[in-house]
Amino acid sequence: MKDSGNRPPALVPRKGKYMEADVRRLGQHIQVPINTPKDFFSVILEKGSLSAMRFLTALNLEHPEMLEKASRELWMRVWSRDEDITEPQSILAAAEKAGMSTEQARRILEKASTTQVKNQLKETTDAACKYGAFGLPVTVAHVDGQTHMLFGCDRMELLAYLLGEKEAKRALPRKTLGACEVSL
């Protein structure tokens, strides 16, 4: 958002009100308990998710097979149970609930503060900005030599269209950390 000059929707009163109701509807539709954090502005706009993003970046470098479970658990902590994802003990609890051993989670948490991980996250963010991202979630699809950037969690049908009916079921991204890339 900073790179594009965009503002968080919650800071625009009508968008914020709409999104609160829309998130509830979305949760009912996908049958996932979604609850806006009680102190939304502090949790989302002040504390943010940088620690969690660095942890997930480090995890992707070391144990990509654990990425989906850990990212889902961190998401559930914030958006379903109104729990912290910024403090080390919170990230460790999420990692362990996702199936990581305590030792494995601690190693990844230590790696999250390294220059390598910080640079990788910056590169990923810069790549999303080059595609035109202005918020999250973003999906970038490379189809038949063309690049398509799709914004929003409601763009999966459009992604399926771009990929073609037969390709859609096997190629739809299952891992969503806010940004994802699909190539055919």
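Read along the sequence, the chain runs α-α-α-α-α-α-α-β-β-α-α-β. That pattern comprises nine helices and three strands. The model is a predicted one. The chain has 184 residues, and 34% of them count as buried. Among contacts between residues at least 6 apart in sequence, 52% join residues at least 24 apart.

**Nonpolar cores**

- The largest nonpolar core holds 22 residues.
- Phe55, Leu56, Leu59, Leu74, Met100 and Ile108 touch the most other members of this core.
- Four helices each supply at least two of its residues: helix 3 (50–62), helix 4 (67–79), helix 5 (88–97) and helix 6 (102–111).
- Helix 3 gives the largest share, with five residues.
- A second core is separate and has five residues, among them Ala141, Leu150, Leu159 and Leu163.

**Helix 3 against helix 6**

- The axes of helix 3 and helix 6 come within 8 Å, and they cross at roughly 115°.
- An angle of 65 to 115 degrees counts as roughly perpendicular, and helix 3 and helix 6 are therefore placed in that class.
- The crossing of helix 3 with helix 6 is right-handed.
- On the helix 3 side, the contact is made by Phe55, Ala58, Leu59, Leu61 and Glu62.
- On the helix 6 side, Ala105, Ile108, Leu109 and Lys111 take part.
- By class, this contact of helix 3 with helix 6 has seven nonpolar residues, two charged residues and no polar ones.

**Helix 4 against helix 5**

- The axes of helix 4 and helix 5 also come within 8 Å, with a crossing angle of roughly 125°.
- Helix 4 and helix 5 are therefore oblique to each other.
- Helix 4 and helix 5 cross in a right-handed sense.
- Helix 4 contributes Glu73, Leu74 and Arg77 to the contact.
- Helix 5 contributes Ser90, Ile91, Ala93, Ala94 and Lys97.
- By class, the contact of helix 4 with helix 5 has four nonpolar, one polar and three charged residues.

**Backbone features in loops**

- The peptide bond from Leu136 to Pro137 is cis, and its omega is near 5°.
- Pro137 sits in the loop between helix 7 (115–130) and strand 1 (138–143).
- Gln31 is not a glycine, yet its phi is positive, near 60°.
- Gln31 lies in the loop that links helix 1 (13–30) and helix 2 (40–47).
- Exposed means over 50% relative accessible area, so Gln31 counts as exposed at 71% relative accessibility.
- Asp82 is another residue other than glycine with a positive phi, about 55°.
- The loop between helix 4 and helix 5 holds Asp82.
- Asp82 has a relative accessible area of 27% and is partly exposed.

Note on methods:
Residues are numbered from 1 along each chain as its sequence is written. This is a predicted model: local features need pLDDT of at least 70, side-chain atom pairs count only at pLDDT 80 or more; totals for chains, interfaces and linings use all residues. Side-chain values use heavy atoms; hydrogens and water are left out. A nonpolar core is a set of buried Ala, Val, Leu, Ile, Met, Phe, Trp, Tyr and Cys residues joined through side-chain atoms within 4.5 Å. Buried means under 20% relative accessible area, exposed over 50%, partly exposed in between (1.4 Å probe, protein chains only). Axes are lines fitted to C-alpha atoms, for helices over the stretch in contact, and angles run from 0 to 180 degrees between N-to-C directions. Angles under 35 degrees count as roughly parallel, over 145 as roughly antiparallel, 65 to 115 as roughly perpendicular and the rest as oblique. A crossing is left-handed if the near helix is turned anticlockwise from the far one by less than a right angle, and right-handed if clockwise. Contact means heavy atoms within 4.5 Å. Ala, Val, Leu, Ile, Met, Phe, Trp, Tyr, Cys and Pro count as nonpolar, Asp, Glu, Lys and Arg as charged, and the others, Gly among them, as polar.
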